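Have a look at the structure first, then read the points in order.

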Number of protein chains: 2
Amino acid sequence: MATKKRIHPVILAGGSGTRFWPLSREKKPKQLLPLASDKPLVADTAARLVGLSRLEDIVTVCGRAHAPAIRRMLPEEARGGVVVEPAARNTAPAIGLAATVVAARDPKGVLLVLPSDHAILDLQAFRETVQRAVDLAGRGSLVTIGVQPTRAETGFGYIQVGAPLAKGGGHRVTAFHEKPDRERAKGYLAAGGYLWNAGMFAFRADRILEELREHLPDCAAALAKIAPSVGTAGFARAVARHFPTCPSISIDYAVMEKAQDIAVVPASFTWSDLGSFSSLPEVREADAAGNVTSGNVMLFDALQNVVLGQGNKPVALIGVSDLIVVDAGDALLVCNRDRAQEVRKVVEALRARGDGKLL
Amino acid sequence: MATKKRIHPVILAGGSGTRFWPLSREKKPKQLLPLASDKPLVADTAARLVGLSRLEDIVTVCGRAHAPAIRRMLPEEARGGVVVEPAARNTAPAIGLAATVVAARDPKGVLLVLPSDHAILDLQAFRETVQRAVDLAGRGSLVTIGVQPTRAETGFGYIQVGAPLAKGGGHRVTAFHEKPDRERAKGYLAAGGYLWNAGMFAFRADRILEELREHLPDCAAALAKIAPSVGTAGFARAVARHFPTCPSISIDYAVMEKAQDIAVVPASFTWSDLGSFSSLPEVREADAAGNVTSGNVMLFDALQNVVLGQGNKPVALIGVSDLIVVDAGDALLVCNRDRAQEVRKVVEALRARGDGKLL
């Protein structure tokens, strides 16, 4: 067996969001919540890398407000790899910054880009998929990891799968498709040959920086000014000065949809983006009546509920079904399972009335 | 207009119960909860008497564990009238004890017996009904106040209404009927001429003590031993010694179903026994969508829910209907509105697992 390529994982932990209110807050976004296990998602993401890479090689990109919490949640070896974005600029600049950091120590090193707030079941399959993607990336391809669709989801982009590559189990990408409408999503599902774009990528540091120079020159210019300071005391100051000049744009729009030599590796693991409380049953074990619970939950004739209690406080459900019940201590949500996306309405209402401490 | 009879209200506040868990606890039974207004039910009950009687004349009978809280909840003038039962003996001995207290200062004084944990709407109608009952009682009758049934309720006793009395708007009672089965309850409702026994009575102190001597001699004997100590420092000790020897029995079984010269006055007010959280909409104003709420409740497409929040903690409901949601701070209930009686199952489960502090 050939020596495995050194992997430089890049955990994108800059997200904010309101779809898990009342658990998620501005100061505690989704990736800091223990949604898929009893550990925060960002900790799950790092833990998944044990055995794939050195934990010291993990680069975690996040916002200033969340950096202290994220450092605490990461394995000790990975804490030094936290890179703070002085301003949120979406995934292209964040990945570019990570690539700049990696390039300083391993110019042809392979980045494995992973969102910090998704759930992945089946660790062995994850490792196998990642290894295939990394091997392809080592040869110069920009590789995306695609997830087999299980429903006509309109919330994700789709990857149209092309001809198989000569070796490594990857395929060419025929096209990236933006989030489709319902009809189009059904068409993709029916046709087959389309995968969900799950935001997981592998590419060499030099390759992605090259693509950024071509497709996002303003960002590449800012990164070039930051590059000499990597590993020095001036790094944070350089980032603070130059990073905010990057345009705010996703890696998909900026690079993947435009670049040549894009490959896709189909994921062989179960994946969920954990889009809302409704998706927890995709990744957490339910009881015989279909209830997913955590905390001190007492169920009486209750079916298919998602119940997240607060510490040891009893939550009793009697004769109810398909509810989401979330007690966050200082706020309580009771929501129809089909309406979990509307949690943002609560956040908007709280914002409108200036109830800042609950946001 | 004739001088009105002095009324000696007797508030029966000895109840315990679990149907309002998680709000109600052993140390905080229903009558201590602000279920019908923003004040505890026992305070509502006393407030309803302003203008009908002197507050100093109110006798409130309750258990030792609840006496301090009840004293605090009563108007200052009524606090001296709290009589502590050393042991719960149901309503006949409690009323007998109150009658013994009243008889010491006004032997022919009229007791107006009122449960402490019911809701009454329309204060003016309450006063008119009570005045009629008291007037009848002053002439020696044992008077019960009956409530017009609005449903085939199986949880109450029924009073079969007889011929109208010559004056005062009362009727003879043909019979008391115990809690009926569903078919019988439907029959009563269809036939008309049946009223709910709501546990409200009026009778002179001497008359009810006379009836107790006839129908419940053991109790009457105990009361006779207590009587000389009323108003003295030895009262509490006498009660502690003799009251527990009384049999535990309701006034209905012990006296009303057996005595002669029973009259009934139909209530002209809206009444609810507040049997469970489901009954709150009977007495509390709902919003346009039928929701009854208290606290910081945020509703999004929510219909016909009963939501009792905790302080200022937001409770957000999205796309749900016919739920009871009660946050008691240290415990949370989410229950189908048709299943509110089953709250006792939670209490039983907590008891079974020895979770005493939540009982």
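1. In which sense, right-handed or left-handed, does α3(A) pass α7(A)? The crossing is right-handed. Please keep in mind that this is a predicted model.

2. To find this pair, look for α3 at residues 91–105 of chain A and α7 at residues 217–226 of chain A. Their axes come within 10 Å and cross at roughly 30°. Angles under 35 degrees count as roughly parallel, so α3(A) and α7(A) are roughly parallel to each other.

3. On the α3(A) side, the contact is made by A:A92, A:P93, A:G96, A:L97 and A:T100. From α7(A) come A:C219, A:L223 and A:I226. Sorted by type, the residues of this contact are six nonpolar and two polar, with no charged ones.

4. Now turn to where the two chains meet: 27 residues of chain A are in contact with 27 residues of chain B. On the chain A side, at least two residues each are supplied by β13 (297–300), β15 (315–318), β16 (323–327), β17 (332–336) and α11 (343–352). The largest share, five residues, belongs to β17(A).

5. What kinds of residues make up the side of chain A that touches chain B? There are 19 nonpolar residues, two polar and six charged.

6. For a place to start looking, A:L332 has B:V315 in β15(B) as its bridge partner.

Note on methods:
Residues are numbered from 1 along each chain as its sequence is written. Chains are lettered from A and ligands numbered from 1 in the order in which they are written. This is a predicted model: local features need pLDDT of at least 70, side-chain atom pairs count only at pLDDT 80 or more; totals for chains, interfaces and linings use all residues. Two residues are in contact if their C-beta atoms, placed from the backbone, lie within 7 Å. Helices (H or I, at least four residues) and strands (E, at least two) are DSSP runs, numbered from the N terminus. Ala, Val, Leu, Ile, Met, Phe, Trp, Tyr, Cys and Pro count as nonpolar, Asp, Glu, Lys and Arg as charged, and the others, Gly among them, as polar. Two strands pair if DSSP finds at least two bridges between them. Axes are lines fitted to C-alpha atoms, for helices over the stretch in contact, and angles run from 0 to 180 degrees between N-to-C directions. Angles under 35 degrees count as roughly parallel, over 145 as roughly antiparallel, 65 to 115 as roughly perpendicular and the rest as oblique. A crossing is left-handed if the near helix is turned anticlockwise from the far one by less than a right angle, and right-handed if clockwise.
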